[in-house]
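Let's take a walk through this protein together, one region at a time. Have the sequence and the 3D view open as you read.

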Amino acid sequence: YITSTGSGAYGDVVAYSANNNKSLSGIYLPPLSDDQKNAKGYMGHDKFTVIENRLTRRFPLYLKDDTNSKPTGGTRQLQYELLAGEASWQLKLIKSTEF
């Protein structure tokens with residue numbers, strides 16, 4: 001898991017799959033910006049973890065007038081499952097929760 005420097009600390013995942021111990025393939029995590037519903041209120045500060053064999057991403061939610069240091073919209077948690085794609089493995093969103 002990586003996060004950018006600066007006030008946003010936007011997160012991403014860099015992952016690879018071993019192919020019969022002969023080569024590596026990248027694992028694709030779709031950009032959050034491609035998901036309008038779950039990107040609403042997002043301004044970084046991602047935390048990643050693996051829970052019950054699923055990649056979990058949590059971040060604070062920002063309302064319209066929130067500053068970067070004071071989110072007031074709660075937290076969103078996204079759970080991804082690793083699935084085989086056409087040419088490589090992909091992390092597919094399976095659950096979105098707010099609290």
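Which residues does F48 touch, not counting those up to four places away in sequence? The list is Y1, G11, D12, V13, L55, T56 and R57, where contact means heavy atoms within 4.5 Å. F48 sits in strand β5; strands (E, at least two residues) and helices (H or I, at least four residues) are DSSP runs, numbered from the N terminus. F48 is buried, with a relative accessible area of 12%. Buried means under 20% relative accessible area, exposed means over 50%, and partly exposed lies in between (1.4 Å probe, protein chains only). F48 and R58 are 10 residues apart in sequence, and their C-alpha atoms are 6.5 Å apart in space.

Before going further, a word on what you are looking at. This is a predicted model, in which local features need pLDDT of at least 70 and side-chain atom pairs count only at pLDDT 80 or more, while totals for chains, interfaces and linings use all residues. Residues are numbered from 1 along each chain as its sequence is written, and side-chain values use heavy atoms, with hydrogens and water left out.

Now step back to the whole chain. The protein chain has 8 strands and 1 helix, and reading along the sequence gives the pattern β-β-β-β-α-β-β-β-β. Its C-alpha trace spans about 50 × 25 × 25 Å along the principal axes. The chain has 99 residues, and 30% of them count as buried. Its accessible surface comes to about 6800 Å², with 50% of that belonging to carbon and sulfur atoms; these areas come from the Shrake-Rupley method with a 1.4 Å probe, and for residues only the protein chains shown count as cover. Among contacts between residues at least 6 apart in sequence, 34% join residues at least 24 apart.

Side chains of opposite charge can pair when their charged atoms come close. The structure holds 3 salt bridges, a salt bridge being a side-chain nitrogen of Lys or Arg within 4 Å of a carboxyl oxygen of Asp or Glu.

The closest N and O atoms of the R54 and E81 salt bridge are 3.6 Å apart. Here R54 counts as partly exposed because its relative accessibility is 29%, and E81, at 28%, is partly exposed too. R76 and E98 form another salt bridge, with 2.6 Å between the closest N and O atoms. R76 lies in strand β7 and E98 in strand β8 (residues 89-98), so this pair ties together parts that are 22 residues apart in sequence. With a relative accessible area of 5%, R76 is buried.

What happens to a buried charge without such a partner? D66, found in the loop between β6 (54-60) and β7 (75-84), is buried yet has no salt bridge, and the nearest side chain of opposite charge, K70, is 10 Å away. For this comparison Lys and Arg count as positive and Asp and Glu as negative, while His and the chain ends are not counted. Polar atoms of the D66 side chain do lie 2.7 Å from the backbone nitrogen of L63 and 2.8 Å from the backbone nitrogen of T72. Those are polar contacts, meaning pairs of N or O atoms within 3.5 Å; within protein, one must be able to donate a hydrogen and the other to accept it, and residues adjacent in sequence count only if both atoms are side-chain atoms.

Two loops deserve a look at the backbone. Most residues other than glycine have a negative phi, and most peptide bonds are trans. H45, in the loop between α1 and β5, has a positive phi of about 65° although it is not a glycine. E52, in the loop between β5 and β6, has a positive phi near 50°, and E52 is exposed, with a relative accessible area of 72%.
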